[in-house]
Every structure is written in C-alpha cells, then in structure tokens.
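Please keep the sequence and the structure at hand while reading.

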Amino acid sequence: MNPVAKISGLVVPLDRDNVDTDAIIPKQFLKSISRTGFGPHLFDEWRWLDHGEPGMDLSTRRPNANFILNDPRYLGAKILLGRRNFGCGSSREHAVWALQQYGIEAVIAPDFADIFQNNAFKNGLIPIQLDEQVIESLFKKTFATNYYTLDVELESQLVKDFDGNEYPFELDAFRKDCLIRGVDEVDLVLLQADKIKAYEILARLNQPWLFPEVGKCS
Amino acid sequence: MTAKTLYEKLWDSHLVHQQENGNALIYIDRHYVIEVTSAQAYEGLRLKGLKVWRPESIIATADHNTPTRNWNLGISDPISKLQLQTLDENIKDFGALHYYPFKHRLQGIAHIIGPEQGGTLPGMTVVCGDSHTSTHGALGALAFGIGTSDVEMVLASQCLDIKPLKSMRVNVNGRLSRGVSAKDVALHLIGLIGTGGGAGHAIEFAGDTVRAMSMESRMTLCNMAIEAGARAGMVAVDSITLNYVKGRLYAPIGEAWSDAIKKWQELRSDDGALFNREVSIDATLIEPYVSWGTSPELVVKITGNIPDPANEPDSARRSWLEGALSYMGLTANIPIQSIQIDKVFIGSCANSRIEDLRAAARVVEGRHISSNIMQALVVPGSMEVKAQAEVEGLDRIFTDAGFEWRQPGCSMCVGINEDRLNPGERCASTSNRNFEGRQGPGGRTHLLSPEMAAAAAILGHFTDVRLILGS
C-alpha cells in the first residue's frame with residue numbers, strides 16, 4: 001500500500017442513503033481475476049445509459065448526463081461525499097478498487113458499512129466519518145459552490161475547507177499509522193508467527209477435530 | 001467468573017495476540033475459498049513469495065459463476081471460465097482440505113455445502129470472501145464475511161486482524177404462525193432496525209422461537225444478519241445443533257465426538273451476560289413479509305400497502321424512498337397483493353436448503369404456476385440438497401407445476417451466470433438482496449420466503465400463503 005498523509009481535491013456529492021457495493025461496482029465486473037480495470041465501471045449502471053460488460057469498448061459508451069459523476073463541475077473529484085450506511089451489502093473489495101481507480105482517494109459519510117470500511121483502509125482509501133449535520137452543510141456547499149475542494153489531513157485528523165472551517169474526525173491510531181507509513185498488514189501480522197504457531201499447537205491438542213487431514217473424501 | 005456472551009467465548013478462545021491498538025489477531029479455523037474473491041488474494045501471495053499457512057483449513061468451491069443447466073456444455077463465458085480455471089490452479093498450487101470444483105458430485109453454494117459436509121463445526125471461527133458467511137454462525141460459530149485483502153491475510157497467516165465487535169441479542173419469543181418462517185423473522189428484524197442497525201455488532205439470535213427452529217431456519221436467520229448490517233450472526237449450541245452435526249463428513253467421531261460435545265455444550269451466553277444492545281420480538285405478531293424497495297429494510301406485511309414516501313419527515317430518507325419506489329415501478333399506497341410478477345426464484349444461500357424446498361413444494365403441490373409467470377426457477381443449494389429433494393419427489397412437484405429444476409449455484413441471487421432478470425422484470429425471490437440491478441440490470445427484486453414465493457408463482461401476484469395453506 002502506498003503511504004498517504006494528505007488528500008486535497010474536488011468534492012463530488014452523492015446525495016443518497018445506503019449506497020451499496022452492487023451499485024458501486026456491478027456483479028459482471030467481479031468475474032475479473034485482476035485488481036485493475038474497474039475505474040471506468042465505477043457506478044456503471046448509474047453512470048452510463050448503455051449496459052456495461054467487462055472488456056467492452058469504452059469509446060462507444062453513452063454517459064448518463066444526469067448522474068453526478070458526469071456533471072462537468074465534478075470531473076476530476078478526489079473526495080466523494082456520501083450519506084448514511086455507505087458501502088452496504090456485498091463484501092466485494094472491487095468496490096474500493098473501482099473508487100480508487102476512478103480517482104477517489106477519500107469518502108466522507110456519516111457512517112459506513114463494516115466490511116466496506118475495513119476494505120477501504122486496507123487499500124489506502126480513507127473512509128472519514130463526520131457528524132450528520134456537518135455532512136449536511138458539506139452537501140449544501142458542494143452544490144452551491146463551483147469547484148468546492150477539501151483538504152483531508154491524516155496527522156491532525158482534520159478536514160479543512162478554504163473558508164477556514166475545520167472538521168475533526170476519529171481515526172484509530174493503528175489505521176492512521178498503517179496509512180501514513182504505507183504498511184503492509186500481512187507483513188505486520190506475520191511478525192507474530194511464533195504466537196500463531198503456539199496457539200495452533202495448543203488448539204490441535206485440545207480440539208483435534210478442528211485439524212482434519214486432507215483427502216477424506218473425493 | 002464474569003458471565004460471558006457466546007460471542008465473547010468464541011472471540012476469547014481464538015485470541016492469538018491482543019495488540020496495543022485495540023485490534024486483535026483472531027485465529028481462523030475454517031476458510032471457505034470461492035472463485036469470485038480469491039484470485040487477487042492468491043496473486044498477492046505469489047507476489048510476496050508466501051505460502052498458505054494451513055491449507056487444511058481451506059474448503060474451496062466455485063458457486064457464483066457456475067451455470068445451473070447444460071453442465072455438459074461447460075462454461076460459455078470466457079471471463080467466467082478463466083476465473084474458474086484460476087481457482088483450479090490456485091488450489092492445485094497452494095492446497096486445500098477439499099475442493100468442490102464445477103461439476104463435482106457434491107458441488108454447491110459455499111454456505112450450503114460447508115455446514116452440510118461438517119466443514120463448519122460449533123466453536124469454529126469461519127471466514128469467506130463473501131458477506132453471507134454469517135450463515136455459518138447458526139452452528140454456534142463466529143463467522144465473518146471478508147474482503148479480498150483479508151482473504152490474503154488469512155491465507156498467509158491463518159489470522160484476521162480485527163477490532164472487537166459489540167454484541168447484540170435479538171430475543172424472539174412466541175410461536176410462529178403457519179406460513180410464517182425464519183425469513184419473515186429476518187425481514188421483520190431488518191425492517192425494525194434497518195440495514196445499518198447491526199453495524200459494528202455480532203448478533204446472537206435467542207429466545208424460544210429460535211430454540212424451536214431447525215438448523216436450516218437458523219441458517220436463514222444468520223444469513224440475513226449481514227442485511228441488518230451486522231458483521232456476524234450466531235445461535236447457541238443445543239441438541240438440535242448436535243443432532244445436525246453428528247455423522248457429517250468432517251464431524252468428529254468416537255471419543256473425539258464425546259470430547260467435542262462437552263466443549264460445544266458451553267457454547268451459549270451465560271446467564272447474566274451483558275449485551276451492548278438487546279432487541280425483543282414477539283413472534284406471534286410476525287406476518288409473512290415482502291420487500292417492496294431496493295434495500296432489505298424496505299418491507300411490508302403481506303396484508304399491507306406500499307408506503308407513501310410523503311409521510312417520511314427526513315428529507316434525505318424521503319428522496320431515497322422516492323427513488324426506490326420509482327426504480328421498482330410502483331405507486332404508493334397500493335396493496336402489495338395487487339402487484340403482478342414476471343419471474344420467481346427459489347434458491348440462494350438464504351433459502352435453498354432441503355427444508356426450504358419442502359416448504360415451497362407443499363404450497364405448489366397439485367397446482368400450476370400462473371400464466372403470467374415467464375420463468376420460475378428452483379435452484380437447490382447443493383448437489384446433496386438436489387439429490388435429497390429428488391428422493392422425496394420434490395423435483396416432480398415443481399416441474400409438474402411449471403417450475404424449472406436446476407443444478408446448484410448462486411444463480412439468480414447475484415446474476416453473475418446467465419440466470420438473471422431483464423430490465424423491468426419483477427421477481428419474487430427467496431434471496432437476500434434487492435439492490436438495484438442485483439438480479440440483472442433494471443431488474444426488480446422482491447424478497448420473501450420460499451412458501452411465499454411459491455404462492456406468488458401460483459397466483460401470479462403476491463398473496464398471503466396462509467390462505468393457501470389453510471384451504
């Protein structure tokens with residue numbers, strides 16, 4: 001994971017509760033065995049008028065002019081402003097990959113679905129939880145102001161706007177450290193290999209049925 | 001000794017390392033690997049030069065991409081085919097306890113074949129790169145759906161690096177009326193607390209209604225826990241659990257069985273254990289439910305009307321409800337029973353176990369699907385469920401009534417294979433999600449129980465199954 005300390009950029013408002021991961025990246029794109037190529041299909045059914053399929057020629061597609069991401073005012077957005085229970089539903093990490101590959105680096109919402117939030121942190125997409133009233137005011141500003149940008153600073157845990165408003169957000173110390181240093185969590189966990197082995201020896205002794213051998217049936 | 005919840009017992013017994021930051025490393029006993037979320041995780045292992053920590057913890061299957069008919073023709077979609085081949089190769093290279101590939105004699109949906117083969121046992125921690133892994137909690141296990149990064153983590157380390165969850169107990173008491181099932185209890189709960197209501201929690205389903213439920217029904221309940229936003233769902237171990245597990249392929253036998261059940265009998269919340277939240281439900285008041293919108297919390301009783309968004313005071317929610325109504329092509333205030341349907345899907349990890357098929361068949365027997373139904377599918381959850389249903393003659397009941405009897409898989413719940421809705425089509429579905437486009441782009445999904453789906457198929461519109469069963 002690449003280290004990330006600060007995000008500055010245009011904000012796109014997605015004014016909708018319960019945005020689910022099926023909407024973020026529809027199922028047909030889950031057939032891919034790659035981690036890349038999802039960006040053009042972010043919100044595929046909302047963003048395009050024609051039906052999207054993996055591997056299609058993007059140049060012939062018809063964008064849905066009524067979808068907020070296609071509004072010229074919000075092109076190039078790095079921060080997505082969302083509403084309640086963002087990322088609910090399926091555990092597909094492809095949703096996070098699609099947001100990132102489109103160019104989104106942080107999502108600000110009143111709350112997130114658990115698995116989505118976890119997946120986001122693991123890929124360096126910052127899920128920022130702000131109070132519902134703050135979110136409401138940010139929606140008003142993004143609609144009313146041309147080129148409304150925000151700065152997200154991890155070290156100070158502040159979201160700042162150009163009017164000098166500052167909105168503090170919570171961030172778990174461990175998550176913060178992983179993001180700022182770009183730590184690979186697998187490497188980190190494997191530092192505890194001895195403890196894992198010790199746990200296993202005991203568990204195997206006490207509950208041998210949890211450790212069946214390969215090849216019991218065909 | 002302090003009284004512990006079932007969740008705390010499962011957590012504490014799998015704690016490998018408590019980190020200073022509050023997270024913990026939790027040991028994972030069983031890892032179900034599926035084609036749709038694993039390729040990138042194995043790729044990650046290869047890039048880091050890592051092995052799978054304990055291949056015997058893995059049971060793998062292909063379920064999302066697999067067709068449900070014409071198996072002799074193989075998989076026509078080259079992208080799906082490549083994903084299945086990739087899983088074949090990954091299992092060959094990295095190993096597994098067992099692999100149930102496409103066309104295997106015991107193939108099926110991971111969350112159906114797992115418990116069926118004794119792959120999930122009481123007291124286990126279970127993960128899978130699929131949110132409906134919560135299903136396995138019905139056996140008194142702690143089961144999490146995870147993303148691909150965590151699939152890689154568990155492959156590499158056998159551990160999940162996770163923050164402790166809060167605990168919620170849902171107490172369901174009273175007798176369910178005839179025609180009211182575990183699915184209705186789940187839809188009632190989600191309607192009550194919302195799809196974010198269980199966020200950050202592990203839900204334990206308790207109370208005499210749950211104690212009286214079969215394992216199949218408990219699995220339906222736990223399956224739907226994720227739709228309430230919970231990370232896990234679970235039910236305490238009792239004699240119903242033990243009877244279900246006994247004799248299954250990976251269940252212990254002989255002396256190990258006696259040792260195991262001694263431990264498993266402890267797998268319940270102690271008297272006086274404290275939960276962060278408790279919800280009580282009177283089962284006698286639950287009626288059959290049908291979802292009307294594009295979120296599992298948007299449900300109505302079968303005797304009810306489509307709600308009017310105009311009555312919603314919160315403006316953000318009001319516009320969300322209006323959007324749902326418009327996507328679903330419905331008008332506010334009309335009776336749910338007046339809505340005609342085009343397709344029926346009986347299947348998915350929520351409702352494709354033998355009990356579900358029996359319940360649907362009881363409604364269908366001696367009747368025929370309505371002429372306006374373009375397609376009615378029954379997709380058993382596994383080859384074993386399919387075989388059992390055929391022994392009981394359920395397949396004939398369905399096919400005589402005009403249903404198609406298919407091979408097992410996720411099928412039209414997720415529409416990754418060719419089983420899907422066309423734009424505008426309306427489906428009575430026993431699956432667990434009704435999001436926009438879930439069953440196919442532009443498709444309109446109404447969630448309900450197998451018996452309610454069967455009744456809707458017969459009449460061509462939603463109807464109260466209690467009236468059919470009563471006649």
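Which residues does Val344(B) touch, not counting residues up to four places away in sequence?

## The nonpolar core around Val344(B)

In this predicted model, Val344(B) touches Ile373(B), Ala376(B), Leu377(B), Cys427(B), Ala428(B), Ala453(B), Ala456(B) and Ala457(B), once residues up to four places away in sequence are set aside. Val344(B) also belongs to the largest nonpolar core, which holds 212 residues, and together with Leu99(A) and Val107(A) it is one of the residues that touch the most other members. The element that gives the most to this core is helix α15 of chain B, residues 450-459, with eight residues. As a general background, nonpolar side chains in soluble globular proteins tend to be buried together.

Strand β15 of chain B, residues 343-346, runs parallel to strand β18 of chain B, residues 426-429, and three bridges join the two. Within this pairing, Lys343(B) has Cys427(B) in β18(B) as its bridge partner. Strand β18(B) is in turn joined by four bridges to strand β19 of chain B, residues 444-447, again in the parallel sense, and here Arg426(B) has Arg444(B) in β19(B) as its bridge partner.

## An open parallel sheet

Chain B also contains an open sheet of four strands, arranged in the order β11-β10-β9-β12 with parallel pairing. Strands β11 (232-234) and β12 (277-282) of chain B stand at the edges and have a single partner strand each, so one side of each is left without a neighbour in the sheet. From one strand to the next, the twist averages 20 degrees.

The pairing of β9 of chain B, residues 166-173, with β12(B) is parallel and extends over six bridges; within it, Asn173(B) has Asp282(B) in β12(B) as its bridge partner.

The loop between α10 and β12 of chain B contains Glu266(B). The C-alpha atoms of Glu266(B) and Val237(B) are separated by 7.9 Å, although the two residues are 29 residues apart along the chain.

## Domains of chain B

Chain B is divided into domain 1 (6-163), domain 2 (166-237 + 269-285) and domain 3 (289-470). The centres of domain 2 and domain 3 of chain B, taken over C-alpha atoms, are separated by 22 Å, and 20 residues of domain 2 are in contact with 22 residues of domain 3.

On the side of domain 2 of chain B that touches domain 3 of chain B, α6 (182-193) and α8 (215-223) of chain B each supply at least two residues, with the largest share, six residues, coming from α6(B). By class, this side has four nonpolar, eleven polar and five charged residues.

## Contact between the chains

Between the chains, 64 residues of chain B are in contact with 55 residues of chain A. Several elements give two or more residues to the side of chain B that touches chain A, among them β1 (15-18), α2 (35-48), α3 (78-94), α10 (255-264) and α11 (315-327) of chain B.

The largest share of this side, six residues, comes from α5(B). By class, the residues of the side of chain B that touches chain A divide into 26 nonpolar, 26 polar and twelve charged.

Note on methods:
Residues are numbered from 1 along each chain as its sequence is written. Chains are lettered from A and ligands numbered from 1 in the order in which they are written. This is a predicted model: local features need pLDDT of at least 70, side-chain atom pairs count only at pLDDT 80 or more; totals for chains, interfaces and linings use all residues. Two strands pair if DSSP finds at least two bridges between them. Axes are lines fitted to C-alpha atoms, for helices over the stretch in contact, and angles run from 0 to 180 degrees between N-to-C directions. Domain bounds come from an automatic or database domain assignment. Two residues are in contact if their C-beta atoms, placed from the backbone, lie within 7 Å. Ala, Val, Leu, Ile, Met, Phe, Trp, Tyr, Cys and Pro count as nonpolar, Asp, Glu, Lys and Arg as charged, and the others, Gly among them, as polar. A nonpolar core is a set of buried Ala, Val, Leu, Ile, Met, Phe, Trp, Tyr and Cys residues joined through C-beta atoms within 7 Å. A residue is buried if 20 or more other C-beta atoms lie within 10 Å of its own, exposed if 12 or fewer, and partly exposed in between; C-beta atoms are placed from the backbone.
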